[in-house]
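This briefing goes through side-chain pairings, ring contacts and backbone details, grouped by topic. Please keep the structure open beside the text while reading.

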Amino acid sequence: MIAAGEQEYKHRFWIFGGIFWLSFSLYLFDHQNAGVALALAAARLQHRAMIGSDVRITFIAGALLTLVAAALRTWATGYLRPEIMVDGKVHSSRLVADGPYRFVRNPLYLGNMILAVGFAVMASRLGAIVMIAAHVIFLLRLIGREERELTVGQGAAYADYVRAVPRLVPALTPQVAPAGHPFSLGAGMLGEGFFWGMALSVVVFAATISLVWFYATLFGAFAIYFACLPIIKKRWAGRDS
């Protein structure tokens, strides 16, 4: 997989947004919701008619996945720090090997992938396929760029880390000793407020089955992002001063 280019990496937030927009726009060509289609397929496998609770369970499962994704990213950002996470450049001056980074090398991108799977129940069948496939391709390109930079910046230390810790499928037990970086829940929540907002939008839909509340909550997620961004940038400026 070819690594992401400089501009691609710099604008990764908006590219992810474009993937979601494209996926939902495919309702123009496929009007069947993926969550409903999944519930229908599950009912048919049991040789029975689909009932309302089947659909509700499907959306609850999607909501739970999005919450897992937000929690994982918060755990990871609490060690990495939000100002690094939102920066347009790869930071290779230090190797974070604490918290989730002891189980998997890319917990942030694993969180993205889990969110995409959970969010896919809100898209059409075609949109769900595009959402998941596009995430896989783009995430691997981002990982390729980061791994290239870290290999240059960290050398043998990163090579040892790569050999010990899996890329995207987490190990069941920690694979390296903790490096001693502190965890900050506040920093994690600051950096991942947008992800919690996205997760909450699916939770709200699972609870209400209302697209109005879903889109209202999703709009709120963007409001959280733009409210937190200046704070994160101020933290970054404080580090440089």
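A residue is called buried when its relative accessible area is under 20%, exposed when it is over 50%, and partly exposed in between. By that rule Tyr-158 is buried, and so is Tyr-161. The model is a predicted one, and every value below is computed from it.

**Salt bridges**

- Side chains of opposite charge can pair when their charged atoms come close.
- In this model the count of salt bridges comes to seven, and one of them joins Glu-8 to Arg-141, with the closest N and O atoms 2.5 Å apart.
- That pair links distant parts of the chain, since Glu-8 is in helix α1 (residues 6–10) and Arg-141 is in helix α7, 133 residues apart; Arg-141 counts as buried, at 19% relative accessibility.
- Glu-147 and Arg-105 meet through their side chains in a salt bridge of 2.7 Å, N to O, and because Glu-147 lies in helix α7 while Arg-105 lies in the loop between α5 (82–85) and α6, the pair ties together parts that are 42 residues apart in sequence.
- Both partners are buried, Glu-147 at 13% relative accessibility and Arg-105 with a relative accessible area of 12%.
- Arg-105, Glu-147 and Arg-167 are linked in a network of salt bridges, and the contacts of Glu-147, not counting residues up to four places away in sequence, are Arg-105, Asn-106, Tyr-158 and Arg-167.
- Within helix α8, Arg-163 and Asp-160 are three residues apart, about one helical turn, and their side chains meet in a salt bridge of 2.2 Å, N to O; Arg-163 is exposed at 63%, whereas Asp-160 is partly exposed at 42% relative accessibility.

**Aromatic rings**

- The structure holds 19 aromatic pairs, among them the edge-to-face pair of Phe-24 and Phe-119, whose centres are 6.1 Å apart and whose planes are at 85 degrees.
- Phe-24 lies in helix α2 (residues 12–25) and Phe-119 in helix α6 (residues 107–119), so this pair ties together parts that are 95 residues apart in sequence.
- Phe-24 is buried, with a relative accessible area of 16%, and Phe-119 is buried as well, with a relative accessible area of 1%.
- The rings of Tyr-158 and Tyr-161 have centres 6.2 Å apart and planes at 40 degrees, so their pair is tilted; both residues lie in helix α8, three residues apart, about one turn of the helix.
- One aromatic cluster is formed by Phe-13, Trp-14, Phe-194, Phe-195, Phe-222, Tyr-225 and Phe-226.
- The charged end of Arg-73 sits over the ring of Phe-195, 4.1 Å from its centre, and the charged end of Arg-12 sits over the ring of Tyr-9, 4.3 Å from its centre.

**Surface patch**

- Trp-75, Phe-183, Leu-185 and Met-189 make a nonpolar surface patch of about 380 Å².
- Phe-183 is found in the loop between α8 (156–164) and α9 (185–208), and at 38% relative accessibility Phe-183 counts as partly exposed.

**Backbone with positive phi**

- Most residues other than glycine have a negative phi.
- His-47, although not a glycine, has a positive phi of about 55 degrees; His-47 is placed in the loop between α3 (34–45) and α4 (52–80) and counts as exposed, at 76% relative accessibility.
- Ile-209, also not a glycine, has a positive phi of about 50 degrees; Ile-209 lies in the loop between α9 and α10 (211–240) and is partly exposed, with a relative accessible area of 39%.

Note on methods
Residues are numbered from 1 along each chain as its sequence is written. This is a predicted model: local features need pLDDT of at least 70, side-chain atom pairs count only at pLDDT 80 or more; totals for chains, interfaces and linings use all residues. Side-chain values use heavy atoms; hydrogens and water are left out. Patches are made of residues with over 30% relative accessible area and no salt bridge: like charges are joined within 9 Å, nonpolar side chains (Val, Leu, Ile, Met, Phe, Trp, Tyr) within 5 Å. Accessible areas come from the Shrake-Rupley method with a 1.4 Å probe; for residues, only the protein chains shown count as cover. A salt bridge is a side-chain nitrogen of Lys or Arg within 4 Å of a carboxyl oxygen of Asp or Glu. Helices (H or I, at least four residues) and strands (E, at least two) are DSSP runs, numbered from the N terminus. Buried means under 20% relative accessible area, exposed over 50%, partly exposed in between (1.4 Å probe, protein chains only). Contact means heavy atoms within 4.5 Å. Rings of Phe, Tyr and Trp (its six-membered ring) pair if their centres lie within 6.5 Å; planes under 30 degrees apart count as stacked, over 60 as edge-to-face and the rest as tilted. A charge sits over a ring if NZ of Lys or CZ of Arg is within 6 Å of the ring centre and within 35 degrees of the ring normal.
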